Amino acid sequence: MTPRKDLLDIASLSNEEIEFVLANAAPFKDLFRRSVKKVPPLRGRTVLTLFYEPSTRTRSSFEVAASRLSADVTHFDVEFSSVVKGESILDTVETLEAMQLDYIVVRHKQAGIPNLIARNTAASVINAGDGWHAHPTQALLDAFTAREVLEDLRGRRALIVGDIQHSRVARSTSLIFRRLGMEVAYLAPGSLMPRQIPDEITTFGNWQDAFDWKPDIVYLLRVQSERLDEPFFPSATEYHNNFGLTDARLKVLNDRKLWLMHPGPVNRGVEITDAGMNYERSLINQQVENGIAVRMSVLYWLRPGAAPVA
Ligand code: CP
């Protein structure tokens, strides 16, 4: 396998690279059951988290992952940095470059910013979510989690429900699921369904048709209100009644023993209810725990200073 400097999306990964990251996440997860959870591979390395958008799970799990690999971890607080005085992304990166960091984990509302940074630094750049484009570590942790419960994903079905249009998670996770042999379908209101969808992805406009398709996993998405210039549906109640996982729909999941996933954060009362959060086949907390193991595996795999893949 050619050493890889950056992780920017799922599309550019080979199957071998995906399998390498997933396979190495398992022993890292085994560490979490031990009293000492730290191992030395990144001793002497520095990881910087550079988040221009809010995050709970991704940022903290990268920081925990880096620290469990014995790296030094620093957070760049954009709100209190010279970015607010107008410093450009590239000038910020040049300044960071002088600090000889090894890994930069970046989230930005604009698609392509992690790629731009990757081209201008010797550090390994990991895309922690860029606009609507990609969220590759979310996809890897979703695949790892789905495999924990379904084992072989070939021939299995995932129904992704909600704001597909604005979701980097839907793009990245549907891609990795398909690469691993799953069939993927989208269920969304017309206003939140992308105009261009790969032919292999089935689309639905209502839950009944989607349930008839017999999914193994129902993967809910939050409506990304922060990316909506204007309302894409009349009200949260209307959305919940038509596209949310109501208690009646949750009963169908329970009767058919379907698995429930969500990348978080959730909006209770919109795409999910309190009962949905407590559903016994919900994998939401497992996704969060696996996020640390998968991100340890990603940090372990990337090679700072390697030639960027064209
Ligand atoms: N799933 C996810 O990216 O969550 P955060 O926005 O909390 O990082």
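Is T173 buried or exposed?

## Basis

This is a predicted model, in which local features need pLDDT of at least 70 and side-chain atom pairs count only at pLDDT 80 or more, while totals for chains, interfaces and linings use all residues. Residues are numbered from 1 along each chain as its sequence is written, and side-chain values use heavy atoms, with hydrogens and water left out.

T173 counts as buried because its relative accessibility is 1%; buried means under 20% relative accessible area, with a 1.4 Å probe and protein chains only. The residue sits in helix α6, residues 168-179. Helices are DSSP runs of H or I with at least four residues, strands are runs of E with at least two, and both are numbered from the N terminus.

The side chains of T173 and D142 make a polar contact of 2.8 Å (N or O atoms within 3.5 Å, one able to donate a hydrogen and the other to accept it; residues adjacent in sequence count only through side-chain atoms on both sides). Apart from neighbours within four places in sequence, T173 is in contact (heavy atoms within 4.5 Å) with Q138, A139, D142 and Y219.

An open sheet of four strands has the order β2-β1-β3-β4, with parallel pairing (at least two DSSP bridges between two strands). Its edge strands, β2 (72-76) and β4 (124-130), each pair on one side only. From one strand to the next, the twist averages 15°.

Strand β1 (residues 46-51) is joined to β2 by five bridges, and L48 has T74 in β2 as its bridge partner. Helix α2 (residues 57-68) lies across β1, β2, β3 (103-108) and β4, at about 175° to β1. Axes are lines fitted to C-alpha atoms, for helices over the stretch in contact, and angles between N-to-C directions run from 0 to 180 degrees.

Terms used
Buried means under 20% relative accessible area, exposed over 50%, partly exposed in between (1.4 Å probe, protein chains only).
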